[in-house]
Amino acid sequence: MCGIVGYIGDKPVADLLITGLRRLEYRGYDSAGLAVVGDEGLRVEKQKGKVSDLAEGFAEHDLVGTLGIGHTRWATHGVPNDVNAHPHTNSAGDFALVHNGIIENYGVLRKRLKEKGYTFVSDTDTEALVHLIDNVRAETNLPLEEAVRQALTQVIGTYGIAIVSAHDPNTLIAARKGSPLILGIGEGEYFIASDAAPLVEHTRQVVYLNDGEMVILHRESYEVKTVENVSLEKEVHELEWSLGQIEKDGYDHFMFKEIMEQPEALEDCMRGRVRPEENTIVLGGLIDVLERLRAARRIVIVACGTSWHAGLVGEYLIEQYAQVPVEVEYASEFRYRDPILGEGDVVIAISQSGETADTLAAVREAKRKGALVLGICNVVGSTIARETDAGVYLHAGPEIGVASTKAFTCQVCVLAMIALKLAENRSLTDAELAEGLRALHALPEKVREVLKVNEEVQRMAQVYRYASNFLYLGRGYNFPVALEGALKLKEISYIHAEGYPAAEMKHGPIALIDRFMPVVFIATRDRTYDKIVSNIEEVAARQGSVIAITDQGNGELDALCEYVLRIPSIEEFISPILTAIPLQLLSYHIAVMRGCDVDQPRNLAKSVTVE
Ligand code: AGP
């Protein structure tokens with residue numbers, strides 16, 4: 001979703017902002033812009049389309065300066081066009097503002113400001129905030145920083161904002177409530193950004209801003225305050241990301257790179273945690289809450305999208321191993337339905353980005369109701385990671401492709417580690433635990449094996465790229481993988497796809513089956529294998545085109561299926577980590593062949609920071 005980057009220092013700012021905006025492209029956007037303060041005053045360039053279009057749209061000498069802000073906009077209020085793009089300026093054009101989030105009371109503000117004579121040129125909610133700041137400044141004669149502060153107290157909604165003024169070439173003002181902002185501290189220079197991606201090549205020193213905080217960047221120093229003007233001492237953190245991790249590194253797409261990185265991502269995820277030699281699992285982030293977690297009467301998992309699918313696998317894992325009832329909820333539903341949470345309930349929020357607005361709201365609701373709230377996040381220092389009581393990081397490395405791949409497999413891996421940890425010295429004998437740890441330990445090597453199906457999947461994709469619909473079916477641990485496979489395909493190739501528990505097929509979806517309907521079965525040799533084979537027979541009998549994912553050495557399905565992809569056998573509890581991979585590859589190759597923008601699919605954002 002929208003991205004902000006800002007800079008104050010001694011380097012030419014326009015190029016630096018353009019590079020920063022390119023790094024933010026993965027978040028999803030439809031227009032881009034920047035504002036630079038220099039000897040010529042304040043200059044703004046903005047337009048619909050890609051950052052590359054914006055970069056081509058102005059000459060270097062147009063935007064000279066060492067202070068500026070940039071923005072990628074993901075439209076909420078008003079269509080994507082040049083006028084609605086950010087930055088927005090006040091009518092006099094002497095300050096410019098970029099904004100992430102939604103000003104919910106923009107209608108009221110707009111009406112009030114229009115009555116006072118303000119003219120609106122865009123359809124955005126943001127413009128109401130710009131004129132509001134201008135109005136406060138005009139009526140009170142306060143300096144811009146103070147006017148911003150006062151205006152923010154009148155705003156209902158969410159914001160991450162950055163502001164520069166033609167009258168003050170030595171100051172950048174930023175503030176957040178509900179939309180992430182990170183301050184980067186360089187040598188004689190400062191940055192502000194929505195996430196770490198634009199910062200990595202400049203500095204590793206960062207300060208995470210919390211809701212209700214403002215940062216004032218000067219050329220030689222910075223101040224962090226609350227919106228109520230109380231000065232704050234903030235801890236400086238070290239960024240973990242490296243530049244190599246956020247670049248394509250020779251791959252055509254981030255998504256493919258991230259699929260191929262899964263063996264190493266899983267190794268990093270388990271490093272120091274899975275300890276076969278001591279027959280234990282150590283999850284440092286849970287040590288302080290382990291007893292409460294073990295005593296949980298019920299666990300509620302909240303998440304969205306792919307993370308929700310991982311949560312469904314978590315339900316199977318935790319119920320099987322820890323014998324604790326688990327419910328999995330869409331965060332967006334949980335937050336509004338006044339959920340019943342009592343003593344002994346533990347809420348686990350799963351979020352790759354750690355910034356998803358609905359999941360964050362669910363976390364806050366659960367905390368408000370007194371539950372112990374844990375986070376499973378990938379982005380270190382993200383809001384959910386900071387607001388939860390404890391948690392486990394994925395350590396999967398940055399995930400840039402909008403379609404989540406390595407985050408999913410690492411989320412399942414973390415949930416498997418949690419399940420085994422909860423079962424340690426309880427429902428599992430030492431020997432059973434040792435078996436589980438051996439399975440986890442062997443996982444990265446098996447993932448390397450699975451990735452060898454890539455070329456075969458590519459050939460399959462040639463055949464299926466023109467399909468208009470797909471069905472994905474699986475059972476048990478692989479039912480959520482069916483949902484995930486369908487989501488992957490629809491989000492990047494725009495082919496309609498549905499996932500179902502295989503046994504549900506006969507209760508409706510079977511009506512869809514004909515020779516034009518590809519049906520992907522996850523048919524690994526587990527407890528439900530025989531039942532799945534019956535379902536495959538049913539589809540084959542109706543001329544559906546079956547693709548099956550099964551174990552190496554299993555030739556039983558060949559006669560029934562168009563394609564059989566064979567992957568190494570693995571213990572059932574972690575099989576989703578293997579079975580998801582051919583489905584990721586299938587959607588990737590189909591999307592590439594259909595000419596889709598794989599890493600930035602239409603309308604989608606990597607980090608969904610609005611409701
Ligand atoms: C995944 O491919 C999707 N793009 C999306 O469903 C995503 O998983 C969802 O928005 C949740 O994101 P989060 O894990 O960062 O909270």
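View 1. A nitrogen atom of the ligand sits 3.0 Å from a polar backbone atom of V402. The model is predicted: local features need pLDDT of at least 70, side-chain atom pairs count only at pLDDT 80 or more, and totals for chains, interfaces and linings use all residues. Residues are numbered from 1 along each chain as its sequence is written, and side-chain values use heavy atoms, with hydrogens and water left out. An N or O atom in the side chain of S351 is 2.6 Å from an oxygen atom of the ligand. K488 places a polar side-chain atom 3.0 Å from a ligand oxygen atom. Taken alone, the ligand exposes 420 Å², and the protein buries 91% of that. These areas come from the Shrake-Rupley method with a 1.4 Å probe; for residues, only the protein chains shown count as cover. The ligand is surrounded by 15 residues, the closest being S307, S351, S353, T356 and E491. A residue is near a molecule or strand if one of its heavy atoms lies within 4 Å of it.

**View 2. The largest pocket.** Its volume is about 600 Å³. A pocket is an open set of points on a 1 Å grid over the protein atoms alone, with protein on both sides within 12 Å along at least five of seven lines; a cavity is a set where a 1.4 Å probe fits but cannot get out; lining residues have an atom within 4 Å of a point. Grid points are joined across faces, edges and corners, and a volume is the space filled by probe spheres set on the points. The lining holds 26 residues, with C304, G305, T306, A605 and V608 nearest the centre. At least two lining residues each come from helix 9 (305-322), strand 20 (345-351), helix 11 (357-368) and helix 16 (479-493). Helix 9 supplies the largest share, five residues. Helices (H or I, at least four residues) and strands (E, at least two) are DSSP runs, numbered from the N terminus. By class, the lining has 11 nonpolar, 11 polar and four charged residues. Ala, Val, Leu, Ile, Met, Phe, Trp, Tyr, Cys and Pro count as nonpolar, Asp, Glu, Lys and Arg as charged, and the others, Gly among them, as polar.

**View 3. The second largest pocket.** This pocket contains about 380 Å³ of space. Of its 17 lining residues, T158, R335, A357, A361 and E611 lie nearest the centre. Helix 11 gives the most, four residues. The lining divides into seven nonpolar, four polar and six charged residues.

**View 4. The largest cavity.** The structure holds four cavities of 30 Å³ or more. The largest has a volume of about 190 Å³. It is lined by 23 residues, and S194, D195, S353, E355 and V379 are the closest to its centre. Nine of the lining residues are nonpolar, seven polar and seven charged.

**View 5. E424 in its loop.** E424 lies in the loop between helix 13 (406-423) and helix 14 (430-450). E424 counts as buried because its relative accessibility is 9%; buried means under 20% relative accessible area, exposed over 50%, partly exposed in between (1.4 Å probe, protein chains only). Its side chain reaches the backbone nitrogen of I281 at 3.4 Å. A polar contact is a pair of N or O atoms within 3.5 Å; within protein, one must be able to donate a hydrogen and the other to accept it, and residues adjacent in sequence count only if both atoms are side-chain atoms.
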